[in-house]
Amino acid sequence: MATAPPVPPQAPAVPQPPTTTPQAQSWPLYDLFLDVPHPASSPKCPPHFVIGTPDNRSDLVLKEFGGADSISKIARFAFPDFDDQAPLPPAPPNPEVAGGAGLNRYDKYWYHHAGFQHHTFSLQLSDGIRVHGHVRCYLPFHLEARTRYDVGRRGIRAFVLLTRARGGDSLYSSILKTVEAISAQQGSTPPDFHPSAEPQRAFLHALHRNHSTISINYVSKPDDKKVPMAVSLQGAEFGNRPPYLPVDTCRFLMPVSLLQPAATDPNSSAAASLASPMMPLFRCLGVSHALRLLSALCSERRVLLVSASPTRLSVCARSAISMLAQGLLHWQHLFIPVLPPHLLQYLAAPVPYLMGISARLIPRIDTIPEIGELLIINLDTNSMEIRNIHPSQVLT
């Protein structure tokens, strides 16, 4: 009597994350990561390197900003204090000349470094979508004395994270801080302790994939269940080594603005701008001057923010956009939180804008021909100045 052959056991079904249409997806967590040297770096300074995303959702950003010419321009935004026309800074004492160090006047000792500096800038793609750049300047290890951070001068560098997503300033600051820690660990320990051949790339790709997964899960939830979600990564610095896993864990809280579907209309863009806090602007200007700034933006004036700190400029510029977005208004005009010195001629653009410049560049404003009507707000002194605007047109 013939019997049926036994049915082989089936493998358990692997749960798959819910799928969404491309229109319902959020922007990628980042589109491009850059490690760029100072625009006036010495010839021996290592060149820039680029890390893309593990998928093809950021090909447009890579195509427009991944070339050598574009990266050199991005480096100017990453170092807004660099000015071709300014006198060279004095050389530090005890310059290193032995062994052909190839140094210049912009290279620094660790005790001359300004320390932590994080600011943002904005660029625009050919299709009109804004790309936000998050910058963290850092001082790398010496090329020869790699195990001694306190020895020798070296060229300052910057990590730049380009993203089309709005908001999440604190998150991106934490990500760049983690990348710096991974780079420091890579430069000061033998290769056996490295989690992978390229730990920065592995960390960013893992973070990108985890964000894509939780953003899809977030979109599929009902509105009353949507809350900020967290991403945890282990082994970013030392890999999967049991003695280090309890302390080698990174946990990032993703704000709602980075989990929502990508903005496709002006109202969504305005809502996404709400993610930036407004308190930094109120701390600098107070309520009275902040309302005058809001009035100028609603009237589509040309507004110039001034400060000696690039961090303060970028934070307050984004706070102003967030204040405008409280009424679901989206600033669609020129927006450059920190304007590099070589682009000062943009201040004469005959369109409404919100820009920021370093305080030391104020004397050069008078040399710009036909600059037109301008409202200047000094964030350091909480003072306001009008140029070529009749006093009767100013809100008192």
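In this predicted model, R387 is a buried residue, because its relative accessible area is 18% and the limit for buried is under 20%. Its side chain meets that of D366 in a salt bridge, with 3.0 Å from N to O. Find R387 in strand β12 and D366 in the loop between β10 (353-358) and β11; the pair therefore ties together parts that are 21 residues apart in sequence. D366 is exposed, with a relative accessible area of 58%. Salt bridges that share partners also bring in E385, joining D366, E385 and R387 into one network.

How many salt bridges does the count come to? The count is nine, and two further examples are worth a visit. The side chains of R312 and D380 meet at 2.7 Å, N to O.

Now look at D169 and R318, whose side chains form a salt bridge of 3.0 Å, N to O. This pair links distant parts of the chain: D169 is in helix α3 (residues 169-188) and R318 is in helix α7 (residues 310-325), 149 residues apart. Are these two residues buried or exposed? Both D169 and R318 are buried.

Let us move on to the nonpolar residues. The largest nonpolar core has 40 residues, and those touching the most other members are V36, F65, V160, L162, L304 and L347. Helix α2 (residues 68-78) gives the largest share of this core, five residues. Apart from it lies another core, of 29 residues, which includes L171, V179, L207 and L233.

Beyond its neighbours up to four places away in sequence, F65 touches several residues, among them L32, I71, I74, L125 and L162. L125 is buried, with a relative accessible area of 4%. Leaving aside neighbours within four places in sequence, L125 is in contact with L60, V61, E64, F65, V131 and R164. L125 and L60 are 65 residues apart in sequence, yet their C-alpha atoms are 8.3 Å apart in space.

Finally, turn to the aromatic rings. The count comes to five aromatic pairs, and F33, F49, Y138 and F159 form one aromatic cluster.

Definitions and conventions
Residues are numbered from 1 along each chain as its sequence is written. This is a predicted model: local features need pLDDT of at least 70, side-chain atom pairs count only at pLDDT 80 or more; totals for chains, interfaces and linings use all residues. Side-chain values use heavy atoms; hydrogens and water are left out. A nonpolar core is a set of buried Ala, Val, Leu, Ile, Met, Phe, Trp, Tyr and Cys residues joined through side-chain atoms within 4.5 Å. Buried means under 20% relative accessible area, exposed over 50%, partly exposed in between (1.4 Å probe, protein chains only). Helices (H or I, at least four residues) and strands (E, at least two) are DSSP runs, numbered from the N terminus. Contact means heavy atoms within 4.5 Å. Rings of Phe, Tyr and Trp (its six-membered ring) pair if their centres lie within 6.5 Å; planes under 30 degrees apart count as stacked, over 60 as edge-to-face and the rest as tilted. A salt bridge is a side-chain nitrogen of Lys or Arg within 4 Å of a carboxyl oxygen of Asp or Glu.
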